[in-house]
Amino acid sequence: MRRFAPLIRPGGAVLDVACGSGRHVRLLAQMGFGVTGVDRDSAAVEPLAGIAEIVVADIENAPWPLAGRRFDAVVVTNYLCRALLSTLHESLADGGLLIYETFADGHQHIGRPSRPTFLLERGELLVGFAGLHVLAFEDGLLADPPRRVQRLAAVHASVTTRPATGWPLGVEG
């Protein structure tokens, strides 16, 4: 998160999907972003009410509660609902940044989650977000705590998009 957050439009609107107790909501709000957090656990998000816009919704079994809204960044960590990938893609504004990290196949040998439903297949984030401009993709083991993950940082970019903060390595839309 800290690695890619500087690429979000300054003061931009950020969506934290399945935000839980708000680790990233708090960080992003402290960085000056307008944050919207969505989660189904009302008790977990209750302390975030004064920090960000909080939407309590079961995003897996009910209509998407943020239909029509676009964000300068969409953040997803430790959460996977394949049926929502296209919705998350559509929630990115032009020039918007996707930051996604979750567990991948192989993690079942380390710990939980262990069911294939909750583990990405090799390269699945790249396929699920085809059409975005990939800034970084990682697929591998992390040591502390031990986990197998995929990470993707990608931009919804048209030829006219040039974010104020710039992209690494001279990448342009």
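1. A residue is called buried here when its relative accessible area is under 20%, exposed when that value is over 50%, and partly exposed in between. By this criterion both Y100 and F129 are buried, and 46% of the 173 residues of the protein chain count as buried as well.

2. Please keep in mind that this is a predicted model. The protein chain averages a pLDDT of 87, and 90% of the residues score at least 70. The stretch to treat with caution is residues 167-173, where pLDDT stays under 50 and for which the model has 17 contacts beyond four places in sequence.

3. On the overall layout, the protein chain has 4 helices and 7 strands, and these follow one another along the sequence in the pattern β-α-β-α-β-β-α-β-α-β-β. Among the contacts with a separation of 6 or more, 52% are accounted for by residues 24 or more positions apart. The protein chain exposes about 8,800 Å², of which carbon and sulfur atoms supply 52%.

4. Which residues touch the most other members of the largest nonpolar core? That core has 27 residues, and the ones in question are V17, V74, Y100 and F129. The elements that give two or more residues to this core are β1, β4, α3, β5 and β7. A second, separate core is made up of 21 residues and includes F4, V14, L48 and V155.

5. Because Y100 lies in strand β5 (residues 92-103) and F129 in the loop between α4 and β6, the pair ties together parts that are 29 residues apart in sequence. Leaving aside neighbours within four places in sequence, F129 is in contact with L85, L88, H89, L98, Y100 and L152.

6. Turning to charged side chains, a search of the whole structure finds 6 salt bridges. One of them joins E138 and R3, at 2.9 Å from N to O. E138 lies in strand β6 (residues 133-142) and R3 in the segment before β1 (13-17), so this pair ties together parts that are 135 residues apart in sequence. Both partners fall in the intermediate class of accessibility: E138 is partly exposed at 29%, and R3 is partly exposed at 48%.

7. E138 also forms a salt bridge with R151, the closest N and O atoms being 2.9 Å apart. Since R151 belongs to strand β7 (residues 147-155) while E138 sits in strand β6, the pair ties together parts that are 13 residues apart in sequence. R151 counts as partly exposed, with a relative accessibility of 26%. Taken with E101, the residues R3, E138 and R151 are linked in a network of salt bridges.

8. A further salt bridge is formed by R82 and E124, with 2.5 Å between the closest N and O atoms. R82 lies in the loop between β4 (71-77) and α3 (85-90), and E124 in helix α4 (residues 124-128), so the pair ties together parts that are 42 residues apart in sequence. Are these two residues buried or partly exposed? R82 is partly exposed, with a relative accessible area of 32%, whereas E124 counts as buried at 13% relative accessibility.

9. Helix α1 (residues 23-30) deserves a separate look. The buried residues of this helix are H24, V25, L27 and L28, and what covers them includes β1, β2 (34-39) and β4. H24 is buried, with a relative accessible area of 8%, and, not counting residues up to four places away in sequence, H24 touches M1, D16 and T77. The helix is followed by G32, whose phi is positive, near 95°.

How values were computed:
Residues are numbered from 1 along each chain as its sequence is written. This is a predicted model: local features need pLDDT of at least 70, side-chain atom pairs count only at pLDDT 80 or more; totals for chains, interfaces and linings use all residues. Side-chain values use heavy atoms; hydrogens and water are left out. A salt bridge is a side-chain nitrogen of Lys or Arg within 4 Å of a carboxyl oxygen of Asp or Glu. Buried means under 20% relative accessible area, exposed over 50%, partly exposed in between (1.4 Å probe, protein chains only). Contact means heavy atoms within 4.5 Å. pLDDT is the predictor's confidence in each residue, from 0 to 100. A nonpolar core is a set of buried Ala, Val, Leu, Ile, Met, Phe, Trp, Tyr and Cys residues joined through side-chain atoms within 4.5 Å. Accessible areas come from the Shrake-Rupley method with a 1.4 Å probe; for residues, only the protein chains shown count as cover.
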